[in-house]
Amino acid sequence: MVDAKPRMLTNLAWLESKDDLRLIRSIKYGVSGTSMVAWGDQTTSLQRLQLVMYIRSLSADAKKREELMNRIYATFNNAQYS
């Protein structure tokens with residue numbers, strides 16, 4: 001596990017493919033074969049839910065950044081600016 005890399009929590013495709021229950025279970029029980037250890041004994045159910053809400057907020061921010069970049073690109077890609 002020395003070379004284990006953390007999950008990119010702003011990866012929209014990955015996050016959208018996982019439901020909240022899957023994320024809660026991953027936090028509580030860990031994910032075997034990865035560097036994600038179980039946090040069930042050290043967190044309450046409320047804390048795990050709050051973590052999922054925080055992770056979801058990161059993807060919301062990423063969606064806003066992606067939308068902004070697309071709008072900026074569309075604006076400056078306009079023939080008027082070429």
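**Salt bridges and their surroundings**

Tutor: In this predicted model, the side chains of E16 and K63 form a salt bridge with an N to O distance of 3.2 Å (a salt bridge is a side-chain nitrogen of Lys or Arg within 4 Å of a carboxyl oxygen of Asp or Glu). Because E16 belongs to helix α1 and K63 to helix α3, the pair ties together parts that are 47 residues apart in sequence. Helices here are DSSP runs of H or I with at least four residues, strands are runs of E with at least two, and both are numbered from the N terminus. E16 is exposed, at a relative accessible area of 56%, whereas K63, at 41%, is partly exposed. On this scale buried means under 20% relative accessible area, exposed means over 50%, and partly exposed lies in between, with a 1.4 Å probe and protein chains only.

As to conventions, the model is a prediction, so local features need pLDDT of at least 70 and side-chain atom pairs count only at pLDDT 80 or more, while totals for chains, interfaces and linings use all residues. Residues are numbered from 1 along each chain as its sequence is written, and side-chain values use heavy atoms, with hydrogens and water left out.

The whole structure holds three salt bridges. Another of them joins R56 and D20, at 2.8 Å from N to O. R56 is in helix α3 and D20 in helix α2, so this pair links parts 36 residues apart in sequence. Both partners are partly exposed: R56 has a relative accessible area of 22%, and D20 one of 37%.

E67 and R71 also form a salt bridge, with their closest N and O atoms 2.8 Å apart. Both residues are in helix α3, four residues apart, or about one turn of the helix. E67 is partly exposed at 41%, and R71 is exposed at 55%.

Leaving aside residues up to four places away in sequence, L15 touches L9, L23, I55, R56 and S59 (a contact means heavy atoms within 4.5 Å). L15 is one of six residues in the largest nonpolar core, together with W14, L23, I27, V52 and I55. Such a core is a set of buried Ala, Val, Leu, Ile, Met, Phe, Trp, Tyr and Cys residues joined through side-chain atoms within 4.5 Å. Helices α1 (12-16), α2 (20-29) and α3 each contribute at least two residues to this core.

These elements follow one another as α-α-α from the N terminus, with three helices and zero strands in the protein chain. Of its 82 residues, 20% count as buried. Of the contacts between residues at least 6 apart in sequence, 57% join residues at least 24 apart.

Helix α3 spans residues 45-76 and includes I72, which is partly exposed at 39% relative accessibility.

Finally, confidence should be kept in view. The chain averages a pLDDT of 83, and 87% of its residues score at least 70 (pLDDT is the predictor's confidence in each residue, from 0 to 100). Confidence is lowest in α1, with a mean of 78, and highest in α2, at 93. Where pLDDT is low, the predicted coordinates should not be read in detail.
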